[in-house]
Every structure is written in C-alpha cells, then in structure tokens.
Amino acid sequence: MLVALLPGDGIGPEVIAEAVRVLDTLEIGGLVFEEAPVGGAAFKAVGHPLPEATLDLAKRADAILFGAVGDPDCDALERHLRPEQAILGLRAELGLYANLRPAATIPALADASALRADIAGNIDLMIVRELNGDVYFGEKGMRATDAGLRQGYDIMSYDEGEVRRIAKTGFETARARRGRLCSVDKANVLETSQLWRDVVTEISADYPDIELSHLYVDNAAMQLVKDPGQFDTIVTGNLFGDILSDLASMCTGSIGMLPSASLDEGGKGLYEPIHGSAPDIAGQGIANPLATILSAAMMLRYSLGLGDAAARIEKAVEVALAAGLRTADLGGKATTREAGDAVIAAL
Ligand code: IPM
Ligand code: MG
C-alpha cells in the first residue's frame, strides 16, 4: 500500500512528520511512504505548485496524506502558480468530489470551544462538502466594465449529475450515522441552489429511511452557533462547505483538531487537516498535529481498509487529551513533537 506524503507549506511538514511517526508506531505491514513537494514549496523548488512528478505520485498512490498549502511569498504570483492551485488541482485531477469533514465534541476540550459548554457539549456532526464544482471551478477572470472599472467574476454552477453524486454520498453518510440529513443551500437567491434543492429532494425518494431537511446557508451558520447538537449529517456545495466547516471546527474546540477525507468514486482518497499552512507559526514547532494525525486515521479507515487501526489512533488522541495534552491553539504549551509523543505513548 503506497501512501503519498505531500507536506506542502508552513506547518504542513511539521504536522505530517508527527502523523508519520504515529503510523510507524502501528507497524502496519506493507505500508510504504513516498514524499513529493507541493504548493509554495514546489513552486520554489521547481517552478510549479503541482509538479508533474507530484501529480503522478498522487495518481499512483493508494492514498494521499496532505499537509497544507499557502505561502505569503507567493501571494503576488499569477493565480495558476499560487500554492492553493495545488490542492485544487489534485481535487480536480483525481476526481476527489466528496469531502467528509467530521466535527465532534471532545469532552476533554470542553473549555477550548468558542461556545458555552452547555451549547458545545453534544456536537457530533459530519459535513459532506462537494469538492469538484461550484464557484471554485467555474469560469473566472478580471475584465473591464463599460465604464472602464475593473471587474472580477467567478461563475457559480452545478449540473444535476454533480448534485446527484454528492447527494447520494450525503444520504449514505447519514444512513451510516443517525439517519438525518440537512442539505444547505441558498435557494432563495441562487438558481444553482434551486437546482441543488430540487435534485436532493428527488434523490430522497431512494432513501425513505433518511429524514431530510433543508436550510439556507445563512440560517445554517446561525444554527451551528446556536445549537450545533441538532445536526447529524450536512450536505452542501463547495463554497458553503468551506465556510461552514471552519465555523464547525471552532464550535468543537480548535481548527487544529479537525481532519478531513476527500474521496473519489472508487474510495481512493486524499486526507488533510482542514486548517491551513499557518505561516505565522510555521517553523516554531508549536503547531497542533492532531488534525493531521486524525486525518491519517481517516485514511486507514476509508482508503486502506484498516478501521481497527484507525480507531486505535482516535482513541489514543482522546486519551492524550484527557491526560492534559494541550498545544498552544488549545491554550497549552505542548510542542508539536510533544503532542506526537503523547499520542504515541497512549498507543
Ligand atoms: C480548505 C481550504 C482550501 C479550500 C483552500 C486552501 C484552497 O480552505 O480545504 O478548506 O478553500 O477548499
Ligand atoms: Mg477552508
């Protein structure tokens, strides 16, 4: 089983290193790692954020463990050379259309949530975010208006096939959980969303056992802060899912805690923390590696068929936190390395 390691920029290499140490501790037979540069690091090394060799490795691998991309040095580059294009390119080239972003209360971290303990205490939700379409991948550009003003534009669209595919993932995910699916859109304003809502409703006929509801995205954001415990599975488009998953992460504790899986139609996946490259703390050894370690656990479960090993990692993270492990984002002083050590000790 070949795992591609794509550490990327900023804190990416630091957090990937700890995830690899945790995986090594499990001594899983046949697991082989191969590393390649991506993002700003790849641009600086070979002049492109997603070099051919990196894309090739990602295609060959059974699964991909990804750190983060984003580098302020690259902000002035043309868009197609910016670090973010690497992750967007991988999602598109590999057809990784289903992004699973779980957020659940960790009892030991009740004090780290941005919400009152009585509100944050019972969160157990999964955001299913569409990852191959929407305004992210529509035509975009800069042009001049008739009056000579600069105008930026990005076209938002979904076709019914794209919506059907992610809706099915949403319903299947809800079925494996508590049987409730909330579809989030902006159908009161956007045609893209009206189609989304129509198609999700049509598909629901195939899932009579799943309780379907719809929310407008602004209301969903409000409900996530007011009563996040009401949600089981949320299915939504690329842009809304990007925003709501950051929001959900702060409800549970820290963005440094949330893993994600991006899956293709065959179950191959890319696994990454939902946080970014955090250039402000990069190189200091103080980043929280738990989101990446938990992403490695998701990789074992979803792409490598090693659910037991995944559960061991998740349990070890819980035990380490209960024993007091706190990195800076959680109000503590543990270093990245110490956090890895604590998980390994718990294993
Ligand atoms: C995420 C990130 C990416 C996104 C960026 C880095 C392109 O914010 O994975 O949530 O917007 O999808
Ligand atoms: Mg994001």
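Predicted model: local features only at pLDDT ≥ 70, side-chain atom pairs only at ≥ 80, totals over all residues.
Residues are numbered from 1 along each chain as its sequence is written, and side-chain values use heavy atoms, with hydrogens and water left out.

**Around D232**

- D232 sits in the loop between α8 (217-226) and β10 (233-236); helices (H or I, at least four residues) and strands (E, at least two) are DSSP runs, numbered from the N terminus.
- With a relative accessible area of 2%, D232 is buried (under 20%, whereas exposed is over 50% and partly exposed in between, with a 1.4 Å probe and protein chains only).
- Leaving aside residues up to four places away in sequence, D232 touches D124, L125, M126, A174, R177, R178, G179 and R180, where contact means heavy atoms within 4.5 Å.

**Helix α10 against α11**

- Helices α10 (residues 290-302) and α11 (residues 307-322) pack at about 160° with axes 7 Å apart; axes are lines fitted to C-alpha atoms over the stretch in contact, and angles run from 0 to 180 degrees between N-to-C directions.
- The two helices, α10 and α11, are therefore roughly antiparallel (over 145 degrees; under 35 is roughly parallel, 65 to 115 roughly perpendicular and the rest oblique).
- On the α10 side the contact includes L290, I293 and L294, and on the α11 side I313, E314 and V317 are among the residues.
- The contact residues of α10 with α11 comprise eleven nonpolar, one polar and two charged (Ala, Val, Leu, Ile, Met, Phe, Trp, Tyr, Cys and Pro are nonpolar, Asp, Glu, Lys and Arg charged, and the others, Gly among them, polar).

**Helix α11 against α12**

- The axes of α11 and α12 (residues 336-346) come within 8 Å and cross at roughly 115°, which makes α11 roughly perpendicular to α12.
- A316, V317, V319 and A320 of α11 meet A342, V343 and A346 of α12, a contact with seven nonpolar, no polar and no charged residues.

**Positive phi angles**

- E27 is not a glycine, yet has a positive phi of about 50°, and at 72% relative accessibility E27 is exposed.
- A278, in the loop between β12 (269-273) and α10, has a positive phi near 45° and is partly exposed at 24% relative accessibility.

Definitions and conventions:
Chains lettered and ligands numbered in written order.
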